[in-house]
Amino acid sequence: MGRRGHNDEDFAHEIQAHLELETDRLIRDGMSPEDARAAAYRAFGNVARTQERFYESRRVMWLSHARYDVRFAMRTLIKSPGFTVAIILTLALGLGANATMFGVVDRLLVSSPQHLVQPDQLRHLYLERRGAGDLGLQSRRLTYPDFKDIERLPAFASVAAYAADVVAWTMGSGSDARRVQVQQASASLFPTLGVRPVRGRFYAVEEDVPGAAPTAVLSEEFWAREFERDPGIIGRVVQLNRGRYEVVGIAPTGFTGAELSPVDVWLPLRASAFAESGRGAGFDDRGQWWIRAVVRLKSGVTSDAADAQLTATHIAARRAYAKASAGLPEHAGRAYAEHEVPRLFTASVIAARGPSPSTTSAISLWSAGVSLVVLLIACANVANLLLVRGIRGQRELALRVALGADRRRLLAQSMTEAALLAGAGALAALGVSWGSSRMVHAMLIPDVAFSGSGIGSRLLVFVSAAAVITTLFAGILPAVQASRTAGTDALRAASRGNSSARSTLRGALMVAQITLSVVLLVGAGLFVRSLWQALDTDVGFDYAPILAVFLEENADPARDRVAQQRRRTELYRAALARISTLPGVRSATLSAATTPLFTRDGFGPGELRVPGVDPIPRVPGGGPYKYSGTEDFFATLGVTVTRGRAFEPAEFQDGTEPVAMVNETFARTIWPDRDPLAQCIQYSDPDRKGAPTPCRRIVGVFKDLASFGVDERKPLQVAYPTLRDTYVKGLIVRAGGDPASLIPSIRQAFLGISSDVRFVEVASGAERFNRAVRSWRLGSTMFTAFGLLALLVAAVGLYSNLAFGIAQRRRELGIRAALGANRQHLVRVVMAQAARFVAAGLVLGTAIALAAGRFLERLLFGVAVTDLPVYGLVIFTLIAAGGLAGLIPAWRAMSIHAKTALETE
Amino acid sequence: MSPQKAEQERIALLQGTLDLLILRTLVFGPQHGQGIARAIEQQAEDTLLVDHGSLYPALQRLEARRLISAEWGTSDNNRRARFYTLTRVGRTQLVAETRHWRRLAAAIGRILGPEGA
């Protein structure tokens, strides 16, 4: 600090010297030493003020003040480490949670997918089919011919098509085969989105035609992961499924097309389909809904105008096609039914904002709102702590005001302290958010690509903005309180420990905290119950010990589709023989149709008839889906037969009476008031075209099986025995012990059969089920974490409030103790205060939770928003937390001794 | 007790004049703060009121402008005090400001007219 040879200390000495010299002179003039000293001081005026002016004269004022304030604030904060850590931790958790949820919401709902140029012109294509009395269907799936119809519409500057699903393909073969996420997309995708390759080039339109030499574009992440960023990658050939693809370019980090799922490899739509099947399968079929489209509107074209063009073109094309295919067998036509009104329209490329946002994005939005509430609670608590401390230091403050300290300077000091705390909190929050983002991304939302969107500039801006707002919110109340303190009044009031206006404010903040905690905990309770309900859902079979095995074989180009399926079936059958004898395998079966939780295999139009019921009614759960397997199919899955019996081994032989089973929903829907066991269904096997279709007798009714996941809507299901030459689609294993330990030996068993086996996918039922309940897990994890955080923060707040109250009322309690109040009474005084806060918070919180609950309804599963056990538990928890928070202050109140309390005042 | 005029009769210094008076006082040699204050009051026959508190910021100001320099020394009655000395720059400044002040005082005097008018 020393500058120009004259520092603060020096200056103090100088003033001291002046006063002494002056005193000496006055004594010489005949004054008494005491009078002389007093006169010298009087002549000098305000010593402190002079020192201050001296100090102020020396440098740019605000800078030195700021430095001084920061040093002062740091000293104060370090002096009370418990207080400081509590506040920083509160802020870190509050801000960190917000930063994490901001990142998620930003990716899902706010930002378009990465690397899109002028994303507001880009729109996804939606198809809506609605008919009178029918279930509306809104989807982003089109058929390829439908896409071609609209490709050249004048409303669009550019149009691109890609497969609706990113699918796992196999890179390499045999034991070193790996899964890669493949997105098949038309060459126009890249120019439509406006993305540029970081290396090489994207495939061109002429490379995306059947028979063109197959090319591939790798994602930057995949290139780094699999090829360690080998610069010689361009021109290399990789084996993907059946084709060999030349790598032509690398897409930029974080590029996921017009969607959010991570992609490893981009393949040209038509060329890769041709390389895969050797035919143009799916490109001329108006029954295969596997295409998604993204369009760039011409500038100036409204989406309404585009929608009108789309719908008109689509309907006209479909009509023409229906007319042209009138003579063909029914399932080839697949025109819309008479009553169906199709409508094509476009919507924002941010899918979560589209007409049917996913549950994940809805829950994320809720969680973000909740994290904001947590931040509010954290702010309220920090403000409260600062207030309480401000009041504790009030005597000092009052003294400073009385001595002429500048009010604005006091305000600046409080703000500096709050800013320092918020800054430290924000830094810690970035750490918290870094960790928790990773966890949330990986565990709760794994199917969205977050790479390239880590702690980006937007997140930093968000955290700093939140920190500033927090500072203002948390700092301004104590600062205003401090600056409003009128010198002598405050001095008097502080010595009495009396500040009723302030205690009202603190009380309000306290009640607000408890209220918000109640709301969050109710939300947490509802989501946890949903998750439990979902986990408890009867999927109709015993999924935990199940492994589903799917095989991919190298194709022999000489074989046609039927020959290929036959070959695959042979491989499955050979594997079944080996796997059945593996140690640890309880039973194994082949699946020739649907494998529950993994695949869904429905009847084509006209494939299933029920005498006397035509057409088969639709149910919300969908279907009818078909199930069939070898003899052990039902036993391996652990399906419960509720009426009649399961299939007998003899019924798997040709030449026996054709039989079938249906699920409970089928029986109830199709034959509401008839005995299903007396009925029969007619099934025409597409693999045996032209064969007569005898009516299959229903021998049993089984429990509803889950389709893909956990759903309250049940589908129609039909099971029949596999006949000897039916094509096999998968293999199901029931493990005796830990299913995961069986995976390597199962894979080995397959690979040992033949070099034709390219890849063996072994997936566990438990893992698959967990994926199905993920959205509730997301909700319950987030709400529980935030709810507990809020409760903790509120409990700490309540504790500090009560403790402060006791400290303030020491004298009163001391007098009471002196007058012979017994200790139980003093405890009651404290506990009554805690009870008042908790009761007010509970009443308000319950009311808000009940009012807000109905918005949450859609996201819950199997639990009412007014669920009594949840509310009961929350109320109990709050009361318990309130009691705990009151314990230490109450104990302190009890141990107040009359004498010491009165003496210290 | 020295003949001091009643407080209310003494005139507070005009803004900026304290600097000039300090410089003037130091023409007679190094002096400490209290001495400067005493000298001003005595020479003005106790007409001027020097606020001792505002003397030090003024000294500080002058020192910063390098018009005076300072060092610790011992006073007549053996007290440690900080002694201020007029620098060459200070001397030049004093000449300029004195001339400036005289012209100002004369101009104001002319406007106000002769005493008792």
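**Reading confidence, helix packing and a sheet**

Visitor: Where in chain B is confidence lowest, and where is it highest?

Guide: pLDDT is the predictor's confidence in each residue, from 0 to 100. In chain B of this predicted model, the lowest mean, 60, belongs to strand β1 (residues 11-12), and the highest, 89, to strand β5 (residues 80-86). Helices (H or I, at least four residues) and strands (E, at least two) are DSSP runs, numbered from the N terminus. Local features need pLDDT of at least 70, and side-chain atom pairs count only at pLDDT 80 or more, whereas totals for chains, interfaces and linings use all residues. Residues are numbered from 1 along each chain as its sequence is written, chains are lettered from A and ligands numbered from 1 in the order in which they are written, and side-chain values use heavy atoms, without hydrogens and water.

Visitor: At what angle do helices α1(A) and α2(A) pack?

Guide: Axes are lines fitted to C-alpha atoms, for helices over the stretch in contact (heavy atoms within 4.5 Å), and angles run from 0 to 180 degrees between N-to-C directions. Helix α1 (residues 8-28) and helix α2 (residues 33-44) of chain A pack at about 130 degrees, their axes 8 Å apart.

Visitor: Which strands form the open sheet in chain A?

Guide: Two strands pair if DSSP finds at least two bridges between them. Here four strands, in the order β14-β22-β13-β23 (chain A), form an open sheet with antiparallel pairing. Strands β14 (585-591) and β23 (757-764) of chain A each have a single partner strand, so one side of each lacks a neighbour in the sheet. The twist averages 20 degrees from one strand to the next. Strand β13 (residues 546-553) of chain A pairs with β23(A) over seven bridges, and Glu553(A) stands opposite Val757(A) in β23(A).
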